[in-house]
Every structure is written in structure tokens, then in C-alpha cells.
Amino acid sequence: MGQAGQQGRGSRSNNLVVPQATAALQQLKYEAAQELGVTIPADGYYGNYTSRETGSLGGYITKRLVQLAEQQLSGRSQ
């Protein structure tokens, strides 16, 4: 029995609040991966990666998003 709303491989339950931010978030992911030395899988499957690699990437992205939000709230731009 599948979950409602999922449409095959690659479906995610976490939907963006601002769908127009997709490209910027993808760019941030690639920049973070490059800085950490993690290669983004072409097929989007992270099953061959260690928890340390994916956790580092996710943590770094979160840190950058918080920094960007703080800059925006304080009126500064990068």
C-alpha cells in the first residue's frame, strides 16, 4: 500500500514552501558538496554514501541557510 501523493522513485514528502527556490537550493547543495569533497550522485541515489557524508552535507546546507536568513533579516546581502 503506497502513500497518497507519492509518484514513484524520487518522490519526497518534504515539499518546498517556496517552489521557486528549487534552483537556488540545488545550487547550494552542489556548492556545499564541492566544499566538503562529496560527489552528488547523478541518479540521486545516496544509498552508497555513508551517514557521515550525507549528514555533513545536510548539516552544512542547514548552516548556510541559517546564515543566509540571518543576513536577510539583518538587512545585509552577501
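I began with Arg64, which is buried yet forms no salt bridge. The nearest side chain of opposite charge belongs to Glu31, and I find it 5.8 Å away. A salt bridge requires a side-chain nitrogen of Lys or Arg within 4 Å of a carboxyl oxygen of Asp or Glu. I note that the model is predicted.

I next looked up where Arg64 sits and what its side chain meets. Arg64 lies in helix α2. Its side chain makes a polar contact with the side chain of Gln67, at 2.8 Å.

I then turned to the overall fold. The protein has two helices and zero strands. Of its 78 residues, 14% count as buried. I recorded an accessible surface of about 6,600 Å², with 50% of it belonging to carbon and sulfur atoms. Among contacts with a separation of 6 or more, 42% are between residues 24 or more positions apart.

Which residues make up the largest nonpolar core? I listed seven: Leu28, Ala32, Ala33, Val38, Ile40, Leu57 and Ile61. Two elements, α1 (22-36) and α2 (51-74), each give two or more residues to this core. The largest share, three residues, comes from α1.

Finally, I examined one core member, Leu57. Leaving aside residues up to four places away in sequence, I find that Leu57 touches Lys29, Ala32, Ala33, Leu36 and Ile40.

Key
Residues numbered from 1 in each chain as written. Predicted model: local features only at pLDDT ≥ 70, side-chain atom pairs only at ≥ 80, totals over all residues. Heavy atoms only, no water. Helix = DSSP H or I, 4+ residues; strand = E, 2+ residues; numbered from the N terminus. Buried < 20%, exposed > 50% of the residue type's maximum accessible area, 1.4 Å probe, protein only. Contact = heavy atoms within 4.5 Å. Areas by Shrake-Rupley, 256 points an atom, 1.4 Å probe, with all protein chains shown as cover. Core = buried A, V, L, I, M, F, W, Y, C linked by side-chain atoms within 4.5 Å. Lys, Arg positive; Asp, Glu negative; His and termini not counted. Polar contact = N/O pair within 3.5 Å; in protein donor to acceptor, adjacent residues only side chain to side chain.
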